[in-house]
Amino acid sequence: MMEALQFSFSVPRFIALKAISPLNKKAYYDGKLATVKLVDVPEPKLPDESWVKIQVKYCGFCGSDMNLIFLKDSPSASPFTSMPCIMGHEYCGEIVEKGADVTGFDLGDVVAVAPHLGCEARKISPICPICRTGRPANCQNMAKGALAPGMFNGICRDVPGGFASHAVAHQSQLFKLPEGLSPRLGALTEPVAVAVQAVLDNPPGNKDKVLVIGGGVIGQMIVWALRAMGLECDITVSEPFPFAQDMVKRAGADHIIKDGNLFAAAARITDAERYSPVMGDDICMGGFTKIFDCVGTGATINIAMRCLAGRGVLSVVGIGDDVKLDLTPLWLKIQTIKGVFAYGYNMVNGRREHAFTTSMRLALDHSEFLESMITHTFSLGQYKELIQTNLDKGKTRAVKTMFAF
């Protein structure tokens, strides 16, 4: 048996939590209505001979974990989740059991896990067109095949994630840590890969004016990734909290917008012309050529489009609620808006390489800032303290928090 942090909810519980949460936010993670609780469950078994069992060393706590616990995710994702599920998708650990069909990995190997459950893990053949492009995280069969519905380990009832001492993973999800990369940093591979993939999908040139909206974990990692890749573009970050401002500056940002006034910053930094319509927000002609919106709300996307230059590209990295957009800047300035989710295979320096491999290589050479991002570690039994620490980031100065096993 093992102790695990399990997530589940029902419609009646959802209604009850939404009713009482304005008075008691702790109800989501403490009490009879809580969406998460510690449970004793059997250690997971290998789904088939192409899987391994992993003894977890570290597992990061993600903003998406927080959204799940507090029931903030869009209902549109519900067909691709199955419960009850053991959470945790940012993990690193040691292989302690492997199936007979696993090749390229041995017992004792320390691996990071790319958690998304594409066609190969689900034993679907032929694989879907998206998986064929090397992006299994965006697989169109996330509710089909040999496993219960679930986009990734941790929100699939058949595949427990890293909020437990042991987890299982398909061999296609495994990436061996290179010598010199610690398991702590290995557990950062997943979020770093998100940032690396965002940059690779919207790569700036050295003369581009880049804006990152939101200097939280992923915003900091995007700035770090831009610099670790050797890009000399001008980087501006919009971030209201002083501690996060210090972090993005250390990561390599050139300018910090502290007051949220993106229009003034676009005019000052990019020489954009700022115009005021008869009603509504200003609009810039010219502006930032590449924007990474790590917040993803209606407000930030609308302002980003208004501050984005003609033919500019906006990557929506953050996952917000339903949005309403004024599409005038989109057609007026022939802009491109890209969805950003997870990672896959890319051409890097002339060779095909998974974003996990790219991220590990960059982390080896540029580890100091990433190490500084890991501010708090907790035992699994301290999960309530971990959640509260993330709710009180202004006071705790938390950046990346982890469970350590």
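**Strands β3 and β20**

I began with strand β3 (residues 51–61) and its link to β20: 4 bridges join them, and they run antiparallel. Strands here are DSSP E runs of at least two residues, helices are H or I runs of at least four residues, and both are numbered from the N terminus. Two strands pair if DSSP finds at least two bridges between them. I looked up the partner of Phe 61 and found Thr 401 in β20.

This is a predicted model, where local features need pLDDT of at least 70 and side-chain atom pairs count only at pLDDT 80 or more, while totals for chains, interfaces and linings use all residues. Residues are numbered from 1 along each chain as its sequence is written, and side-chain values use heavy atoms, with hydrogens and water left out.

**β20 and β19**

I then took β20 with strand β19 (residues 374–378). These two pair in the parallel sense, over 4 bridges. Phe 378 stands opposite Phe 403 in β20.

Is β20 (residues 400–404) mostly covered or uncovered? I found it mostly covered, with 4 of its 5 residues buried. Buried means under 20% relative accessible area, exposed over 50%, and partly exposed in between (1.4 Å probe, protein chains only).

**An open sheet**

Next I followed a sheet of 3 strands. It is open, its order is β2-β1-β4, and its pairing is antiparallel. I noted β2 (36–41) and β4 (85–86) as the edge strands, since each pairs on one side only. Strand β1 (residues 2–7) meets β2 over 6 bridges in the antiparallel sense. There, Ala 4 stands opposite Val 39 of β2.

**Whole protein**

I counted up the secondary structure: 14 helices and 20 strands. The C-alpha trace spans about 65 × 55 × 40 Å along its principal axes.

Buried residues make up 54% of the 405. I also looked at contacts (heavy atoms within 4.5 Å). Of those between residues at least 6 apart in sequence, 69% join residues at least 24 apart.

Last, I looked up the charges. Lys and Arg count as positive, Asp and Glu as negative; His and the chain ends are not counted. Each charge is placed at NZ of Lys, CZ of Arg, CG of Asp or CD of Glu. The mean positions of the 41 positive and 40 negative charges lie 3 Å apart.
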